[in-house]
Amino acid sequence: DRPMKVFLENREGYLAIQMILKGRGDNVPDHCTLCPPDREATEPTFRCIDCTNAPLMCQDCCVENHWLNPLHHIEHWTGRYFEKISLRRLGLVIQLGHQDGSKCSQPVSGPSKFVIVHNNGIHRVRMSYCSCEASISSQTGSMHHKWEQLMRNRLFPATHTRPSTACTFQMLNWFHVLTLSGKVTAYDFYKGLERTTDNTGAKLPNRYPSMLRVSRQWRHLRMLRRGGRGNNGERTIDETHSGELAVECIACPRPGINLPINWENAPDNIKFIYMMFLAIDACFRLKRKRISSWDRDPSLQDGWAYFVENKPFLRWIESMKGQKEISTCTGLAALDHANTKFHEGYDETGKVAGLCARHEILMKNGMGATQVGERYVNVDFVVASILQHLSLLLMFLISYDIVCQWSKRLPQRLKKLPPFPRLHLILKVIKHFKFVIPKLHILGHLIGCQ
């Protein structure tokens, strides 16, 4: 029950074990124990620090035993200390296209400075592509391309045509988990990999832009897989529907899925159980500077998940840029102040989003950009995008900090929107909408509104 006290009593032994492991160990063999009987025994001076309890071995055995793990860290005994040495310098060549690790009869050498970003560091490697029958697909009868041979070896190429950099699947998955659980930035993660590779400050190949690009593609492909797009052979990826890749809230009311039969005939005193609660708000910290273009940096999934479809949204904003909203109630200055400041040099000054207020799950197509403050035209488009995915048999309660102003003439503004699926139905049932102001903001409104 006193682990730190017990450690202090035994730390001499802990330190002694670490010092032993920094050297060659207790019993240093005079010859490599992994060499086959027909090979002349040589002094073992190499070891792998990524393998558990790996013995000292000679150079040939080190290379032969690491063809399955070409990204392990190897140390070489100089006579006084261990220094890091790469398997590339020891002569290891990664053979792609042969899952059993056998040599190719017609190898094609890859780039001389191929770099692989792994979760234990940044590695320079030598590799060969396969051009024999082993790389011919049994389904298509054609030879696997270089990018495909890399992918089949769980290496994600940074470029498609002539790849010279790749990220391992393990690293991409690890980075994804760390980002979601620990909010680790890509920059800090990559700097950590550089420090793991060489902590002396030596200059390493900069593959940070490549890692950013590949991690974005990795997450996109993972979203497609989890959305069932990899199992539907009848539809191409480009035929994905709006909002199809978004994860829906499993607790919000959805007729035919989680509501009882005849729920619409429930007594008035319990109808609130089947009401859809939507919360709308804007955040002006999520800015994006005007530094790129759609052609240079396109969306990988435009409108397929949580954001609204970009081109119709921007056309609508452009057509309504002359509209100005004036608040006559709220003292929060969400409209007038935001409409006049902090938007020069930005493509997006913030985001407006809609969530289910009970469970805080972002809705399908429930997020859109703001260009000049919290304008109604942006909010109207986002709300209409959300409602097209919800059952209009439900009653709706919409929470918004400036709803006392935004709800005025809402049907008239929605009629001006570009054609939306089921927009005509939304206009018919809008009389069933109820509007509320969140308690946090209610004191910022006039007494009449409160």
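S399 stands opposite V436 in β16. The model is predicted: local features require pLDDT of at least 70 and side-chain atom pairs count only at pLDDT 80 or more, whereas totals for chains, interfaces and linings use all residues. Residues are numbered from 1 along each chain as its sequence is written, and side-chain values use heavy atoms, with hydrogens and water left out.

Strand β16 (residues 433-436) pairs with β15 in the parallel sense, over four bridges. On the terms used here, strands (E, at least two residues) and helices (H or I, at least four residues) are DSSP runs numbered from the N terminus, and two strands pair if DSSP finds at least two bridges between them. Strand β10 (residues 275-283) also runs parallel to β15, joined to it by six bridges; the bridge partner of M275 in β15 is M395. Because five of the six residues of β15 (residues 395-400) are buried, this strand is largely enclosed by the rest of the structure. Buried denotes under 20% relative accessible area, exposed over 50%, and partly exposed the range in between, with a 1.4 Å probe and protein chains only.

## Strand β7 and its partners

Strand β7 (residues 121-130) is mostly covered, with eight of its 10 residues buried. Its pairing with β4 is parallel and comprises three bridges; here Q95 stands opposite S128 in β7.

Two antiparallel partners can also be described. Strand β5 (residues 107-109) pairs with β7 over three bridges in the antiparallel sense, and V108 stands opposite Y129 in β7. Strand β6 pairs with β7 in the antiparallel sense over five bridges, with I116 opposite H123 in β7. A hairpin of two residues joins β6 to β7.

Domain 1 and domain 2 both give residues to the lining, so the pocket lies between them. By class, the lining has 10 nonpolar, 14 polar and three charged residues. In this scheme Ala, Val, Leu, Ile, Met, Phe, Trp, Tyr, Cys and Pro count as nonpolar, Asp, Glu, Lys and Arg as charged, and the others, Gly among them, as polar.

A pocket is an open set of points, on a 1 Å grid over the protein atoms alone, with protein on both sides within 12 Å along at least five of seven lines; a cavity is a set of points where a 1.4 Å probe fits but cannot get out, and lining residues have an atom within 4 Å of a point. Grid points are joined across faces, edges and corners, and a volume is the space filled by probe spheres set on the points.

## The cavity

The structure holds one cavity of 30 Å³ or more.

## Salt bridges

A search of the whole structure finds 15 salt bridges, each being a side-chain nitrogen of Lys or Arg within 4 Å of a carboxyl oxygen of Asp or Glu. R254 forms one with E248, the closest N and O atoms being 3.0 Å apart. R254 is partly exposed at 23% relative accessibility, and E248 is partly exposed at 32%.

R288 forms a salt bridge with D347, with 3.9 Å between the closest N and O atoms. Since R288 lies in strand β11 (residues 288-289) and D347 in strand β12 (residues 346-348), the pair ties together parts that are 59 residues apart in sequence. Both are partly exposed, R288 at 37% and D347 at 25%. D347 also meets R290 in a salt bridge at 3.2 Å, N to O. R290 lies in the loop between β11 and α7 (310-319), so its pairing with D347 in β12 ties together parts that are 57 residues apart in sequence. R290 counts as exposed, at 52% relative accessibility. Salt bridges with shared partners join R288, R290, D347, E348 and K351 into one network.

Technical notes. Domain bounds come from an automatic or database domain assignment.
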